[in-house]
Amino acid sequence: MEISVLVLGVLFEKLRPDLAVRRWWARHGFAAPGGGHAVPGPVALAGVDARRLLLRPTTLFVGYVLWRTLVKPLPRSTYDGVNSTIGFAWAFLGLVVLVVVASIAGRDRGEEIVAATPGGERAPVSSWVVLLVGAAVLEYGIVALHRYGHEVPLSYAALMPNAWELAQPSLMLLGGGLLGLIGARLLPGWVAAPLAALVSLVWIGVLSGVFTVTTMLTPVVEWVQYHENSAVVTIEPGSFGWHNAYLLGLCGLGAVAALLTTPGRRRPLLAAGALLLAGTVVAGALALP
Amino acid sequence: MSVQVHGVRKRFGRTTALDGLSLDVGGGVTGLLGPNGAGKTTLLRIVATVLAADSGTVSVLGRDPGDARQRAEIRRRLGYLPQDVGAYNGFSVREFVDYIAVLKEHRERRARRAEVERVLELVDLTDQAYTRVKSLSGGMRRRLGLATAYLGDPELLVLDEPAVGLDPQQRLRFRELVSNDPARTILLSTHQTDDVAALCRDVIVVNEGRVLFRGSPAELAASARGRVWRSDAREPGAELAWVAGDGTTRMIGDPPPGADLVEPTVEDAYLVLVGATALQPVEV
């Protein structure tokens, strides 16, 4: 299964059948759809990239596979399905996004054709941040839909993640993407993607294996701990709300770090970074049990 | 004047790229000639606001590129074709031009689409609109870069070796494109002296970071009068000599008394000006 997904993905990327379809479409006099409204620069640029990425056969194919494996089974799942599948499977989407962004977001680095435009090199980086925020919000919507979209037995209701806790996978996606963006801005794509993935896996895997005080400072925290007898569960201590605030602070720091890799005014970014750092430290401390 | 550069110096480590260079560029096409390493690309990068000078003053379209706001204003009215276009291989031609159009603040989608189609038509890439960038030849990539430079009908075009890799038909099309636009200021660098002779109202010869000559192509050619002659074989006063198509040897240097002097071309005059340093980079 995994190999056939990989092979099909590679074939789609090599052949780009969508371009042949669009060429045929244009030759037969059909104009591409498009609105007539103007939007801010980073949003417009994010829109161009989002449209380009979403309409690629590879994305459509991977999206279909994710839907079949992650989304479709959810309505039939029990409370632990919501906790584990939503919490982990959706959180690990951040890793996929990290690799994709790390592979392609470095394309603007040092390109003079981009540097000579009004926004300079900072505009594409800002647009990546906008794109990732958009993707995180979309993911939150899907996860929330599945959390609240089916009935949960009353006895398990207390173990279900609340609206704040559900934000964790989205923050993972945002944080993963931003880590990929920083990697792409500083390193060649073939180094950035595996290195950023390795860093995040070590961070998640090593620190969150066993619950300790520091678990609340890692990106992924399980809402419930299952014991050998799966009927017995305990809810993790600590504040998940503050954990989210801590993750959001890290994401903000990631965005500032990515923007600092571009030429331009640095002082406002450094000031924002200092404020975010202070806020992240406070949120992290408050998240601890 | 669209571009004013006075006493500009730029060093890269121990290498001096521009050594107190000064020039003014007004409307029409101005050609920048010079051997490799003369400082042409550095000068164009400074004018295109992607590189800052170490010292000296630069004014582009009446604004100071050192000031962030004025720099953004210059970039709104500037089209730049760098030496290396650096187009993204994964994009189609249309996607790449569209992407740069958004960066150039064409945010209204319908108008942007029309503008992308206009510039693709301008450089004859309409049929390749859905071809991937990585499949393009060197000349097509150059035309792709040219298309992005023309986005938004800029007041000032800065073109670094725009005709490299173009086939003869496309070169003529390029000449047509550039020469039919007398109101625009175009600053282009090239090694092709015939392009300069055919296109440029003014020509500036640069070598070792300094301006050696400024004038019209005719004035440049005239500056070599009495230095170009022909004979059956190479003669002692010749600094450069080559056998022409008619079998005679054409020479540049100090002609002997009674030599058969010929009317110099822009290329002859350029070679006289830059001397032996031109032998390496210029195809003669």
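Select B:Arg94, B:Val97, B:Asp98 and B:Ala101 in α3(B), then B:Arg112, B:Glu115, B:Val116, B:Val119 and B:Leu120 in α4(B); these two groups meet. Contact here is a pair of residues whose C-beta atoms, placed from the backbone, lie within 7 Å. By class, this contact has 5 nonpolar, no polar and 4 charged residues. Ala, Val, Leu, Ile, Met, Phe, Trp, Tyr, Cys and Pro count as nonpolar, Asp, Glu, Lys and Arg as charged, and the others, Gly among them, as polar.

The model is predicted: local features need pLDDT of at least 70, side-chain atom pairs need 80 or more, and totals for chains, interfaces and linings use all residues. Residues are numbered from 1 along each chain as its sequence is written, with chains lettered from A and ligands numbered from 1 in the order in which they are written.

Next, display both chains. Their contact takes 33 residues from chain B and 29 residues from chain A. On the chain B side, α3(B) gives the most, with 6 residues. The residues of that side divide into 15 nonpolar, 5 polar and 13 charged.

Last, select chain A, which has 12 helices and 2 strands (E runs of at least two residues).

Methods
Helix = DSSP H or I, 4+ residues; strand = E, 2+ residues; numbered from the N terminus.
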